[in-house]
Amino acid sequence: MEYKVEAHRIMSISLGKIYNSRVQRGGIKLHKNLLVSLVLRSARQVYLSDYYSGACLNAQSEREGNEWDITDSEREKFPPSATECDRVESTEEPQPNEQPEKEREYRENDDEVKSDQVDCTSTLQEQNQNSSLDSVAKVSSETPPESITEPKESPSDSAVAERDSTPEANGESHQPPKPYVCSNRKRSAEESESGDSPQKRTKVASSNAKEDEEAEEMDTSNVSNLITIFGSSFSGLLSKESAKPEAEAEDSGQICCDQMLKNLNPWSTAIVAF
Amino acid sequence: MGEDSESPKINHSFLRDYVTEEDLLATGDKGGRVVIFQRETESKGESEELGESGEYNVYSTFQSHEPDFDYLKSLEIEEKINKIRWLPHQNAAHFLLSTNDKTIKLWKVSERDKRPEGYNLKDEEGRIKDISTVTSLRVPVLKPTDLMVEVRPRRIFANGHTYHVNSISVNSDDETYLSADDLRINMWHLDITDRSFNIVDIKPANMEDLTEVITAAEFHPQHCHLFVYSSSKGTLRLCDMRESALCDKHSKIFEEPEDPGNRSFFSEIVSSVSDVKFSHSGRYLLTRDYLTVKVWDLNMEKGPVETYQVHEYLRSKLCSLYENDCIFDKFECVWNSTDSVIMTGAYNSFFRMFDRETGRGVTLEAWRENSKPRAVLRTRHVYTGGRRRRGDVGVDSLDFTKKILHMAWHPAENIIAIATCNGVMQ
């Protein structure tokens, strides 16, 4: 666990550095920003991998294997029926690099999953946290059990619960884990461990299509949520970043995590403009 | 000798002048100023007693760079001097190159100790005389006067770099020099300011694919076609300009595989090379990364021949050093004149010297109070475990604001110059 906390802390610090470098005299220092972004990615990978090893007992490797296959095309794969966790991934906005996290659906055993009916919505893209939350809320409305978690998700703080569930849900890719995951999700949702939520955020935030989020089957409502997310404008990096350094609370942490991808993006665009 | 205490960052470069046997040391600071020190000679009569002569005094001060503004990108350009290099001495004047983030300037430092007197058309104060008052003609005579040091800009090499210039290096052919920024290296002719040749370009087509940047570059001391550049990934690339016009493809690449046991979040930062120097012989390369200095043999690419730990006790503290930005400090490293000793800086005003023959290192402290030349510096030790001796400094009590980043070693004698936070010491 401490790895996650450590990784999360390092990510927050890195994002703060990237933000501060924009206002520094003399322009953006390419070398330092490159190093900071490398640290950011390392921390994120640790954060995500840590999460998985903790959440998924089995099929971890399988799951990760699947997750790495996330591509844009998966977007279209959303199954009409909502089962396990629905992950709403909002792609970072205008990043050519970032592959929008699409929910992956694992159709393995929808039936089993259905029983659990936990919606995991993980916003991969923090782009617009609120919008993702909204979408999550929408998704949750579909499944009663999820509603428990959904409302929690609302503004960043409550997202913790949701996130918690999401990561766990994400962790699983196959049948057996699913029920397990679902139950975990529920538990986590109830527990709302703050520590977990940042992790989850981080995971979601992974921008380079390395996310392990495994997409559970997606609902059509999720699809619409995605559209909402994509359509939502990316609130300025500055505003988010400024919120980030100031907030020490988990939610801010979550926001920060969510911002991770975004931050990488702005940095990249800054570099390109450079 | 003291520098302005408001300018903590100082760059050094030594010049040993073999013609007039002058010793000049140039330092640049954050405010864009360059100060040149000259070593006093003991006495004029006897031949120079190397190592015996006196202190360095301020010889000249001038403002090299001013703050600038890039209107196209709306970016301020700092006037901070990044590097200074002397040119090989050719005549009575000395030339040095100084650079900030964007512009390189060639300065001529000359002395004037005579002035003409007895002009026909001007009086003593320089006012034009009324022609009707001139009754006779005479030839102006040169009379000795107080020594005046004049520093004038002779060339300005501008608009060559999009990114921040981090290195300049004068070639052994005495005609060209290179300047390196984060992604490109340009070669200039000292007499031509409106044109430069791009010899290395590592900018990717898509900036988002960027993985490494150039951190330092230097020409070989004897072979004018060879140069080396270091990267943020810890690799060194030796390039031969005879192979192609654009030396993106290296002739040799020197890299050491990473030790998996030391892997951490900060492995990439710690392995980034901050300085690279050829040995005087041209056979070896000295590199400095955050925790070590390494000596590489040009003939062996697979790893360094010697590795010295500068402050290994900081490895467990990398996270807090990352937080306070100290992990990004760029330390320099230097050879001594015979390539037998290498030196680099550390924190708490400590600097380290390593004797290559014995492999041993010593930690010395740069004390402001010991301003006498040739005063024996105290050997210090950082306590990392085991029996603690009196005078040992604990790792947690190191002062990370007192960092020794810049230093220079006299090319012929055992005189070193170290920049501390508010002064220059020899």
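A salt bridge is a side-chain nitrogen of Lys or Arg within 4 Å of a carboxyl oxygen of Asp or Glu. The structure, a predicted model, holds 29 salt bridges over all chains.

**View 1. Chain A is built from helices.** Chain A has 12 helices and 0 strands. Read along its sequence, the pattern is α-α-α-α-α-α-α-α-α-α-α-α. Of its 274 residues, 63% are buried. Take the contacts in chain A between residues at least 6 apart in sequence: 86% of them join residues at least 24 apart.

**View 2. Chain B meets chain A.** Here 31 residues of chain B are in contact with 30 residues of chain A. The two chains bury about 2,800 Å² between them. Carbon and sulfur atoms carry 63% of that area. Three residues of chain B stand out: Glu208(B), Phe265(B) and Tyr322(B). They supply 27% of the area that chain B buries against chain A, more than any other three residues.

**View 3. Polar and charged links cross between the chains.** Between chain B and chain A there are 6 salt bridges. Residue pairs in polar contact, both at pLDDT 80 or more, number 10. On the side of chain B that touches chain A, β6 (75–77), α1 and α2 of chain B each supply at least two residues. The most comes from α2(B), with 3 residues. By class, this side of chain B has 13 nonpolar, 7 polar and 11 charged residues.

**View 4. Asp325(B) pairs with two lysines of chain A.** Side chains of opposite charge can pair when their charged atoms come close. Lys17(A) and Asp325(B) meet through their side chains in a salt bridge, 2.6 Å from N to O. This pair crosses between chains. Lys17(A) sits in helix α1 of chain A, and Asp325(B) in the loop between α2 and β23 of chain B. Lys17(A) has 10% relative accessibility, so it counts as buried. Asp325(B) is partly exposed, with a relative accessible area of 27%. Asp325(B) also forms a salt bridge with the side chain of Lys32(A), at 2.8 Å from N to O.

**View 5. Arg25(A) joins a network with glutamates of chain B.** Salt bridges link Arg25(A), Glu76(B), Glu78(B) and Glu79(B) in a network.

**View 6. The largest nonpolar core draws on both chains.** This core has 47 residues. Those with the most contacts inside it are Phe266(B), Tyr290(B), Leu314(B), Tyr322(B), Ile327(B) and Leu398(B). From chain A, α1 (2–22) and α2 (30–55) each supply at least two residues. A second, separate core has 14 residues, including Leu178(B), Ile199(B), Tyr229(B) and Cys247(B).

**View 7. Leu398(B) has contacts in the largest core and beyond its own stretch of sequence.** Leaving out residues up to four places away in sequence, Leu398(B) touches Tyr313(B), Leu314(B), Asn348(B), Phe350(B), Val382(B) and Val393(B). Leu398(B) is one of the residues with the most contacts inside the largest nonpolar core.

**View 8. Lys403(B) and Asp329(B) tie together separate parts of chain B.** The two residues form a salt bridge, their closest N and O atoms being 3.0 Å apart. Lys403(B) lies in the loop between β29 (393–394) and β30 (407–409) of chain B, and Asp329(B) in the loop between α2 and β23 of chain B, so the pair ties together parts that are 74 residues apart in sequence. Lys403(B) is partly exposed, at 23% relative accessibility. Asp329(B), at 14%, counts as buried.

**View 9. Arg33(B) pairs with Asp29(B).** In this salt bridge the closest N and O atoms are 3.1 Å apart. Arg33(B) is partly exposed, with 27% relative accessibility. Asp29(B) is buried, at 1%.

**View 10. His161(B) makes polar contacts from a loop.** His161(B) lies in the loop between β10 (141–157) and β11 (165–170) of chain B. Its relative accessible area is 8%, so His161(B) is buried. The side chain of His161(B) makes a polar contact with the side chain of Ser179(B), at 2.6 Å. A polar contact with the side chain of Asp181(B) spans 2.8 Å. Not counting residues up to four places away in sequence, His161(B) touches Lys102(B), Ile104(B), Ser179(B), Ala180(B), Asp181(B), Arg184(B), Asn186(B) and Trp188(B).

Notes:
Residues numbered from 1 in each chain as written. Chains lettered and ligands numbered in written order. Predicted model: local features only at pLDDT ≥ 70, side-chain atom pairs only at ≥ 80, totals over all residues. Heavy atoms only, no water. Core = buried A, V, L, I, M, F, W, Y, C linked by side-chain atoms within 4.5 Å. Buried < 20%, exposed > 50% of the residue type's maximum accessible area, 1.4 Å probe, protein only. Helix = DSSP H or I, 4+ residues; strand = E, 2+ residues; numbered from the N terminus. Contact = heavy atoms within 4.5 Å. Buried area = accessible area lost by both parts, 1.4 Å probe. Polar contact = N/O pair within 3.5 Å; in protein donor to acceptor, adjacent residues only side chain to side chain. Nonpolar A, V, L, I, M, F, W, Y, C, P; charged D, E, K, R; others polar.
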